[in-house]
Amino acid sequence: MINLELPKKLRASANQAHQVAQEIFRPASRKYDLAEHEYPVELDTMAAMVEGLSDSGTEQISGATGGRTGDEDKHATELLGNTNGGNMSALMNALETSWGDVGLMLSIPYQGLGNAAIAAVATDEQLKRFGKVWAAMAITEPSFGSDSAAVTATATLDGDEWVLNGTKIFVTAGSRATHIVVWASVDRSAGRAAIKSFVVPRDAKGLTVSRLEHKLGIKASDTAEIRFEDCRIPKDNILGSPEVNVEKGFAGVMQTFDNTRPLVAGMAVGVGRAALEELRQVLTDAGIEISYDKPANNQHAAAAEFLRLEADWEAAYLLSLRAAWMADNKKPNSLEASMSKAKAGRMGTDVTLKAVELAGATGYSQRTLLEKWGRDSKILDIFEGTQQIQQLIVARRVLGLSSDKLK
């Protein structure tokens, strides 16, 4: 029998994250949904807590080192055959805090998507330097969306400094993070192999936060457009190797997504669980019984639909666990990361919008958070690679075809 219970260490971490979601995020959720771009002062408490946990060595809410496995975990893997490390912990924390509020979860200090990028490709020396920064991630540009290989921003080496030029859009936490992980090309003629990621302090000269986006959902999170005009950073702020390896191609920076896509899947799972819990209460209050002993077709139509949604949620949850476990155990998980992101992203929108529908006027009004979750969940099916991109990646992996053969 397969035991899918979380180990004791992860249960403690998840419980801590759930308390944050329940006591800090959920009570403030509607407030910041209605006050877009207003800084959530509650996050200052989070910042102090995360910094204290990090300094004490007991940090449980994933940071820049979240995707890295230490020597003890490597030793455990050799002895036991598997381990649950930073990626699994980060997944569970993303799930629990997103149960509270996705926008606030994306605004937790020192927990930006750029931190996962640092964890994925930084050298050990860089991890020491950037381990305590709050890093956003800047990939998308006005000229492209999900095709990350279409990056036009440039990074030119000038002595001991890189000079960055270009514009990035839809940068989550772009105006609040202390650093930005920027994707740029070091040689436009070399194609995607020359795309590298750079850590840029937000106060660097030549970096300008030019605007904040107004959005459908996750309004508590700031989403910025950032311009780089002859922005200079130290030579060693390039993550990983500066060498352009045509044979390895785009694989280096794309490792980032193997870490972040399961996290986004976890966010969708968290929102989906919140919606299912609220929907169950609405249906129960309406006198509709949900039974696991009767066939679905012998129950109220709303109960049968709830069971379908719950089963879909369970599938997304298990796929997310699998992708994170593989990352922790150093197993190639690009296929599984995309599978979890595709399934959870689609599940999140289906569950939340169906919950709004089944709850009727209650779901469509602001009496509950159901309509908000319906709006928030859509971005989880879009960013870090759209639904269509994930399905394309899965098809390539399953069929064994390269990107130039299956577009």
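Trainee: Alanine 301: does it count as buried or exposed?

Mentor: Relative accessibility decides: buried is under 20% relative accessible area, exposed over 50%, partly exposed in between, with a 1.4 Å probe and protein chains only. Alanine 301 has 60% relative accessibility, so it counts as exposed. Alanine 301 belongs to helix α9. Its C-alpha is 9.5 Å from that of isoleucine 288, which is 13 residues away in sequence.

Trainee: What should I know about the model and numbering?

Mentor: The model is predicted: local features need pLDDT of at least 70, side-chain atom pairs count only at pLDDT 80 or more, and totals for chains, interfaces and linings use all residues. Residues are numbered from 1 along each chain as its sequence is written, and side-chain values use heavy atoms, without hydrogens and water.

Trainee: How are helices and strands assigned?

Mentor: They are DSSP runs, numbered from the N terminus: helices are H or I with at least four residues, strands are E with at least two. Take strand β4, residues 179-185. Seven of its seven residues are buried, so β4 is largely enclosed by the rest of the structure.

Trainee: Which residues of β4 point which way?

Mentor: His179, Val181, Trp183 and Ser185 point one way. Ile180, Val182 and Ala184 point the other way. All are buried.

Trainee: Which strands pair with β4?

Mentor: Pairing takes at least two DSSP bridges between two strands. Strand β1 (residues 135-138) pairs with β4 in the parallel sense, over four bridges. Look at valine 182. Alanine 138 stands opposite valine 182, and phenylalanine 198 is the bridge partner of valine 182 in β5. Isoleucine 180 has valine 200 as its partner in β5. Six of the seven residues of β5 are buried, so β5 is largely enclosed too.

Trainee: How many aromatic pairs does a search of the whole structure find?

Mentor: Four. Rings of Phe, Tyr and Trp (its six-membered ring) pair if their centres lie within 6.5 Å; planes under 30 degrees apart are stacked, over 60 edge-to-face, the rest tilted. Tryptophan 183 and phenylalanine 257 form a tilted pair, 5.5 Å centre to centre with 55° between the planes. Tryptophan 183 is in β4 and phenylalanine 257 in helix α8 (residues 251-285), so the pair ties together parts 74 residues apart in sequence. Both residues are buried.

Trainee: Which pair is stacked: 5.3 Å centre to centre, 10° between the planes?

Mentor: Tryptophan 313 with tyrosine 317. They are four residues apart in helix α9 (residues 301-328), so about one helical turn separates them. Tryptophan 313 counts as buried at 12% relative accessibility. Tyrosine 317 is buried at 15%.

Trainee: How do I read packed helices?

Mentor: Use the angle between the axes and the distance between them. Axes are lines fitted to C-alpha atoms, for helices over the stretch in contact; angles run from 0 to 180 degrees between N-to-C directions. Helix α10 (residues 334-359) and helix α13 (residues 387-399) pack at about 145°, axes 9 Å apart. Which residues make the contact? Contact means heavy atoms within 4.5 Å. Among them are Leu335, Met339 and Arg346 of α10, and Gln390, Ile393 and Arg397 of α13.
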